[in-house]
Amino acid sequence: MASVSGTETILSPLQRSGLNKKGLCDYVVNVASGCLHGCTFCYVPSTPTIRTRQEHFRTSGVNDPQMDWGDYLLLRDKLPEKLEEQLNRKRTWKETEAGKGVVLLCSGTDPYQNNRVAKITRQSVKILLKSQKRIRILTRSPLWLKDLDVLMDRNVTIGMSLPHLDDQLSRQIEPHAPLPSDRLKALYMGKKSGCRLYVAIAPTVPQMGKKDFLEYLGKILPLEPEVIFWEPINARGSNGKRMLSAGLSFAASVMSHKDWAENFLKQWNAIEEAAAELGCLDILHIWPDPALNKYISSDRLETWFYRPTVEVW
Ligand code: SF4
């Protein structure tokens with residue numbers, strides 16, 4: 001499919017979010033539908049936001065919004081203006097223990113994937129800051145460095161998704177995202193500027209073991225991230241099919257429920273051991289999956305759901 005770009009209309013840019021379950025936020029603002037990074041493992045095309053709007057995407061020229069993920073981007077029309085109106089009307093603000101009232105940009109797209117998207121993100125952040133809201137940026141692109149004048153604020157934390165530090169592997173699994181080495185450099189520049197930072201080691205490929213986690217953590221700890229999130233790759237459902245069709249043979253090893261769970265637990269133990277050895281277990285925040293319930297004790301699983309991060313706002 002040729003790339004589709006356009007706009008779409010939404011009424012309320014600020015949405016309540018269930019991502020407090022992962023310690024991420026209580027609200028999200030998604031500045032677009034679709035994402036040009038087109039990561040092969042991306043779970044977003046399997047979410048209701050995409051699955052339940054097939055007709056909407058078809059009328060915009062996207063025939064198969066799941067399998068064509070990465071080939072379309074619909075910017076949300078007048079989003080900053082609508083966000084400002086919505087905030088002005090809003091009388092209550094939800095602040096859960098784990099979500100801390102934070103607004104995440106973005107959960108369903110990359111807020112800095114290109115200059116057009118970055119412009120909307122910048123305007124949205126300024127509006128949220130004017131209303132004294134807490135903001136979590138999550139991106140794979142170093143473009144946020146252009147917005148340091150806005151993002152260097154006590155109410156903003158910037159996170160980069162950095163599942164590994166292997167540029168070659170990255171071209172296979174997240175072919176259109178900036179290279180991991182460039183993401184790491186961006187984080188170091190943010191650190192030098194005094195930004196609040198976090199890292200999402202997500203999602204890790206099954207071949208990563210304790211030695212890899214030791215090496216990886218050793219490279220990001222000098223950044224002094226306030227929190228390090230972790231989850232492994234999920235190849236169940238359409239993600240697995242997209243990874244296999246991209247030639248990622250390792251996906252076959254974690255496509256069954258049992259294989260996925262066994263790998264999850266193996267990597268969970270490995271990253272915890274590595275973090276303990278390096279003295280950063282306190283900032284490691286696991287993103288477990290409820291479907292692990294047959295494989296581990298409910299205590300170990302549930303301790304991570306709705307758990308506040310160690311970040312201090
Ligand atoms: S950057 Fe994030 S939203 Fe975009 S394709 Fe990759 S995982 Fe999905």
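Trainee: Where does Glu224 sit in this model?

Mentor: Glu224 is in the loop between helix H8 (210-220) and strand S10 (228-232). Keep in mind that this is a predicted model.

Trainee: Why is Glu224 called exposed?

Mentor: Count its C-beta neighbours inside 10 Å: there are 11. A residue is exposed if that count is 12 or fewer, so Glu224 counts as exposed.

Trainee: And what makes its backbone worth a look?

Mentor: Glu224 has a positive phi of about 50°, yet it is not a glycine. Most residues other than glycine have a negative phi.

Trainee: Which loop holds Lys78, and why is Lys78 called partly exposed?

Mentor: Lys78 lies between strand S5 (72-76) and helix H3 (79-89). It has 15 other C-beta atoms within 10 Å. Partly exposed lies between the exposed limit of 12 or fewer and the buried limit of 20 or more, so Lys78 is partly exposed. Lys78 also has a positive phi of about 50° without being a glycine.

Trainee: What makes Ser17 buried?

Mentor: Ser17 has 21 C-beta neighbours inside 10 Å.

Trainee: Which residues does Ser17 contact beyond its neighbours within four places in sequence?

Mentor: Among them are Cys25, Tyr27, Leu104 and Ser107. Ser17 and Val103 are 86 residues apart in sequence, while their C-alpha atoms are 8.8 Å apart.

Trainee: What do Val103 and Leu104 have to do with the nonpolar core?

Mentor: Val103, Leu104 and Ile201 are the residues with the most contacts inside the largest nonpolar core, which has 74 residues. In soluble globular proteins, nonpolar side chains tend to be buried together.

Trainee: How do you know that the bond from Leu105 to Cys106 is cis?

Mentor: Its omega is near 5°, and the bond is cis. Cys106 is in the loop between strand S6 (103-105) and helix H4 (115-130). Another cis bond joins Ala202 and Pro203, with omega about -5°; Pro203 lies in strand S9 (residues 196-204). Most peptide bonds are trans.

Trainee: How do you know that the chain agrees with a compact globule?

Mentor: For 313 residues, a compact globule would have a radius of gyration near 20 Å; the chain has 19 Å, so the two agree.

Trainee: What classes of residue make up the shell around the ligand?

Mentor: Five are nonpolar, three polar and three charged. The residues around the ligand include Cys35, His37, Asp110 and Arg140.

Conventions: Residues numbered from 1 in each chain as written. Predicted model: local features only at pLDDT ≥ 70, side-chain atom pairs only at ≥ 80, totals over all residues. Rg over C-alpha atoms; globule rule 2.2 N^0.38 Å. Core = buried A, V, L, I, M, F, W, Y, C linked by C-beta atoms within 7 Å. Near = placed C-beta within 6 Å. Nonpolar A, V, L, I, M, F, W, Y, C, P; charged D, E, K, R; others polar. Contact = placed C-beta atoms within 7 Å. Helix = DSSP H or I, 4+ residues; strand = E, 2+ residues; numbered from the N terminus.
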